[in-house]
Amino acid sequence: MVNYKEIGLVNTREMFAKAIKGGYAIPAFNFNNMEQLQAIIKASAETKSPVILQVSKGARSYANQTLLRYMAEGAVAYAKELGWEHPQIVLHLDHGDSFELCKSCVDTGFSSVMIDGSSLPYDENVALTRQVVEYAHKYDVTVEGELGVLAGVEDEVSSEESHYTKPEEVIDFTTKTGVDSLAISIGTSHGAYKFKPEQCTRDPKTGRLVPPPLAFDVLDAIMVKLPGFPIVLHGSSSVPQEYVDMINQYGGKMPDAVGIPEEQLRQASKSAVCKINIDSDSRLAFTAAVRKVFAEKPAEFDPRKYCGPARDLMVELYKHKIINVLGSDGKAL
Ligand SMILES: [Zn+2]
């Protein structure tokens, strides 16, 4: 049994309370390799932003759960070395799908877990989430639950269509389960192809897809039911078109990849939404930078020469999100 406090991590409780009061959101960035983690920590340290490191099911099978947890421990030390005196770093399980998995994360040093029972019948979601909360809270580990279903594909989590969270269920769910935060569905979506072309309109000038707006009326109704309660948005990558263009320019093929406009995420950050999950954007930046090196220097074979530029581009991306979208810079001095 390793408690996260011994390795310098924090849970989300205080962080979320401050974010709601201050009208900003905490970035939750997924990682499954060293370059991503370095970029996340560097960007967070340079901007003094609290940060959530997320480990998904796909990341655990790709990189190994134990190794990722030691990398997070290393991240705290690295942050201090970069001159960040009091790093506020959360290690969070993304989309936990069983009590056993959540327990194993709590037992090995995670400071926060998500139990995603959103695909289960309502009563089963309540029971499973309650079971995880009872265990996690013994060790002061915070728990995120989910109501409503997001469309899209994220590692092994996928759904054909979305079902918005029902505002009439949120009081009952949070009271019965005791969760610390609630992931909701208001039209965000997993992956780099968040919307089908037929769901979008096209900008006549650029020919690019314009996605349907998020359901802010559903968010508002939830906030009326749960004043001041921490809300989480999954699937909130913006799919920056500059990266998509770079990928396509250098031999990739990603037609009509589209995400959530940053203006809408900026608006959400000012509300009770206090955690915004971003994964695809970092994958796009990584891939765009690597493709550029391969196209321009076909003789290059040292991974540092293409993973290095990828890391630099991800640092830029993370800093942009922190400063210009979520507003979390300067909140963890
Ligand atoms: Zn998700």
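**Reading the model**

A: Start with N64, which is partly exposed, because 13 other C-beta atoms lie within 10 Å. Keep in mind that this is a predicted model.

Q: Where does N64 lie, and what is its phi?
A: N64 sits in the loop between α3 and α4. Its phi is positive, about 90 degrees, although N64 is not a glycine.

Q: Which other non-glycine residue has a positive phi, of about 60 degrees?
A: Look at D256, which is not a glycine and has a positive phi of about 60 degrees. D256 is placed in the loop between α9 (241–249) and α10.

Q: Now helices. How many residues has α4, and how far does it reach?
A: Compare the end-to-end span with the expected one. Helix α4 (residues 65–81) has 17 residues. From first C-alpha to last it reaches 24 Å, close to the 24 Å expected at 1.5 Å a residue.

Q: What follows α4?
A: G83 follows α4, and its phi is positive, near 95 degrees.

Q: How do I find the sides of a helix?
A: An α-helix has 3.6 residues a turn, so residues three or four places apart point the same way. Now apply that to α4. Its buried residues are L68, R69, M71, A72, A75, V76 and A79. They lie on the same side of α4, because they cover an arc of only 155 degrees around the axis.

Q: Which residues are exposed on the other side of α4?
A: T66, L67 and E81 are exposed there.

Q: What covers the buried residues of α4?
A: The cover includes α2, β2 (51–55), α3 (57–63) and β3 (89–96).

Q: Is Q36 buried or exposed, and which helix holds it?
A: Count the neighbours. Q36 is buried, because it has 25 C-beta neighbours inside 10 Å. Its helix is α2 (residues 34–47). Leaving out residues up to four places away in sequence, Q36 touches F31, S282 and M314.

Q: How should I treat distance along the chain versus distance in space?
A: Check both. Q36 and G22 are 14 residues apart along the chain, and 28 Å separates their C-alpha atoms. A268 and F110 are 158 residues apart in sequence, with 27 Å between their C-alpha atoms.

Q: Where is A268, and what does it touch?
A: A268 belongs to helix α10 (residues 262–269). It is buried, because it has 24 C-beta neighbours inside 10 Å. Beyond residues up to four places away in sequence, A268 touches L233 and V273.

Q: On to strands. Which way do the residues of β4 point?
A: Sort them by direction. In strand β4 (residues 112–115), S112 and M114 point one way, while V113 and I115 point the other way. All of them are buried.

Q: Which strands pair with β4, and in what sense?
A: Look for bridges. β3 and β4 run parallel and are joined by three bridges. Here H92 stands opposite S112 in β4. Strand β5 (residues 142–147) also pairs with β4 in the parallel sense, over three bridges. There V113 stands opposite V143 in β5.

Definitions and conventions: Residues are numbered from 1 along each chain as its sequence is written. This is a predicted model: local features need pLDDT of at least 70, side-chain atom pairs count only at pLDDT 80 or more; totals for chains, interfaces and linings use all residues. Helices (H or I, at least four residues) and strands (E, at least two) are DSSP runs, numbered from the N terminus. A residue is buried if 20 or more other C-beta atoms lie within 10 Å of its own, exposed if 12 or fewer, and partly exposed in between; C-beta atoms are placed from the backbone. Two residues are in contact if their C-beta atoms, placed from the backbone, lie within 7 Å. The expected span of a helix is 1.5 Å times one less than its number of residues. The arc is that of the directions from the helix axis to the C-beta atoms. Two strands pair if DSSP finds at least two bridges between them.
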